[in-house]
Amino acid sequence: MKAIKNTAVIFALIFSNQIFADTSNTQADPEKGKEIATGICASCHNADGNSVIPANPTLAGQHVEYITKQLMDFKAEGDSPAKRDNPVMASMVAALSEDDMKNLAAYYAQQKSQPGTTSESDTSLLELGKRVYNGGNLENNVPACSSCHSPNGQGIPPHYPKLAGQHAAYVVSQLEAFRQASRVNDKNQEMQKAVLRMSAQEIKAVADYIATLQ
Ligand code: HEC
Ligand code: HEC
C-alpha cells in the first residue's frame with residue numbers, strides 16, 4: 001500500500017515537472033517583441049533600445065531575465081502595489097502580458113549596445129569611478145561593484161544586470177533611488193546596502209566610469 005502511494009507521489013512529481021517544463025519552454029518571440037518596441041517604446045528607448053535621452057535607460061544588450069523582471073516589477077497586480085515605482089513605466093506595462101514582456105526582453109537582449117553618455121569629460125573623476133567600481137571603498141564599507149556586475153560591466157545573469165554603456169544620468173538616478181529607498185525591488189536589498197555609504201561624488205564618478213565600459 002505504501003509502495004503504491006509512493007509511486008503515485010513520484011508520478012505526480014514527474015507530471016507536475018512536465019507541466020512546468022512545458023510552460024517555461026515556450027519560446028520567446030523577438031519579432032513580436034520588436035513590433036511593440038518600435039510601436040510603443042521607441043519614443044523613449046529608441047527603436048533598437050539604445051536610448052538617446054540620457055535620463056532613459058538603454059535596454060539594448062541587457063539580459064533577458066533582468067528586463068523581464070523589471071517589466072513585471074513595474075506592473076501592479078490586483079491590490080498589491082508595483083514592486084518598482086515609476087508612473088511612466090507603470091502606464092507602459094499596464095496592458096502587457098507576461099508573454100509580451102518576454103518577447104520584448106528577447107528583442108532588446110539581441111540588440112547591440114552603443115556607448116553611453118557621461119556627465120563629465122573630467123578624467124580625474126573617471127579614475128575615482130574606476131577605483132570604486134573595481135575595489136569599492138573599504139573605509140566606508142562600499143563593496144566593489146565588479147563583484148556582482150563583473151569587472152567589464154557585462155553583469156551576471158539572471159540576477160545582476162549589465163551596466164556597461166548605460167547613460168551616466170540614468171545610473172546616478174538609480175543609485176540615488178536605491179539610497180533613498182525609493183527603488184526597493186532589489187533582492188535582499190543588495191543594491192540599497194551597496195550604495196548606502198557612497199558619497200555624491202563617488203556616485204557621479206562610478207556612473208561616468210560605467211558609461212565608458214563596453
Ligand atoms: C515616455 C517615455 C517611456 C516610454 C514610452 C517607455 N519607457 Fe521604459 N522607461 C522610461 C523611463 C524614464 C525609465 C526609468 C524609470 C525609473 O527611473 O525607474 C524606464 C525604464 C524602463 C526599463 C527598466 C530598465 C532598467 O535598466 O532597469 C525597462 C525594461 C523599460 N523601461 C522598458 C520599456 C518598454 C518595453 C516600453 C514599451 C512597452 C517602454 N519602456 C516605454 C521611459 C519610457
Ligand atoms: C551584492 C551584489 C551587488 C553589488 C556589490 C552591487 N550591485 Fe548593483 N545591482 C545588484 C542587483 C541584484 C541589481 C538588480 C536589482 C533588481 O533586480 O532590480 C543591481 C542593480 C544595479 C543598478 C540598476 C541597473 C538598471 O539598469 O536600472 C545599478 C545602476 C547598479 N546596480 C550599480 C551598482 C554600482 C555602481 C555598484 C557599486 C557601488 C553596485 N551596483 C554594486 C547587485 C549588486
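Predicted model: local features only at pLDDT ≥ 70, side-chain atom pairs only at ≥ 80, totals over all residues.
1. Two side chains coordinate the iron atom of ligand 1, His45 through NE2 and Met89 through SD, at 2.0 to 2.3 Å. The six donor atoms around the iron subtend angles of 86 to 179°, so the arrangement is octahedral. The two residues come from distant parts of the chain, 44 residues apart: histidine 45 belongs to helix H2 (residues 30-45) and methionine 89 to helix H4 (residues 87-93).

2. Burial of the coordinating residues. The cut-off for buried is under 20% relative accessible area, with protein chains only considered. Histidine 45 counts as buried because its relative accessibility is 10%. Methionine 89, at 16%, therefore also counts as buried.

3. Surroundings of ligand 1. The ligand is surrounded by 21 residues, of which Cys41, Cys44, His45, Tyr66 and Met89 are the closest. At least two residues of this shell come from each of H2, helix H3 (64-74), H4 and H8.

4. Polar contacts of ligand 1. An N or O atom in the side chain of tyrosine 66 is 2.6 Å from an oxygen atom of the ligand. Arginine 84 places a polar side-chain atom 2.8 Å from a ligand oxygen atom. For histidine 45, a polar side-chain atom lies 2.8 Å from a nitrogen atom of ligand 1.

5. Helix H8. This helix has twelve residues (168-179) and spans 16 Å between its first and last C-alpha, close to the 16 Å expected. Its buried residues are Ala168, Tyr170, Val171, Gln174, Leu175, Ala177 and Phe178. Helices H9 (190-195) and H10 (200-212) are among the elements covering them. Just after H8, alanine 181 has a positive phi of about 55°.

Conventions
Residues numbered from 1 in each chain as written. Chains lettered and ligands numbered in written order. Heavy atoms only, no water. Helix = DSSP H or I, 4+ residues; strand = E, 2+ residues; numbered from the N terminus. Expected span 1.5 Å × (residues − 1). Buried < 20%, exposed > 50% of the residue type's maximum accessible area, 1.4 Å probe, protein only. Contact = heavy atoms within 4.5 Å. Donors = N, O, S within 2.8 Å, 3.2 Å for Na, K, Ca; no water. Tetrahedral: all angles 85-135°; square planar, octahedral: opposite > 155°, others 65-115°. Near = heavy atom within 4 Å. Polar contact = N/O pair within 3.5 Å; in protein donor to acceptor, adjacent residues only side chain to side chain.
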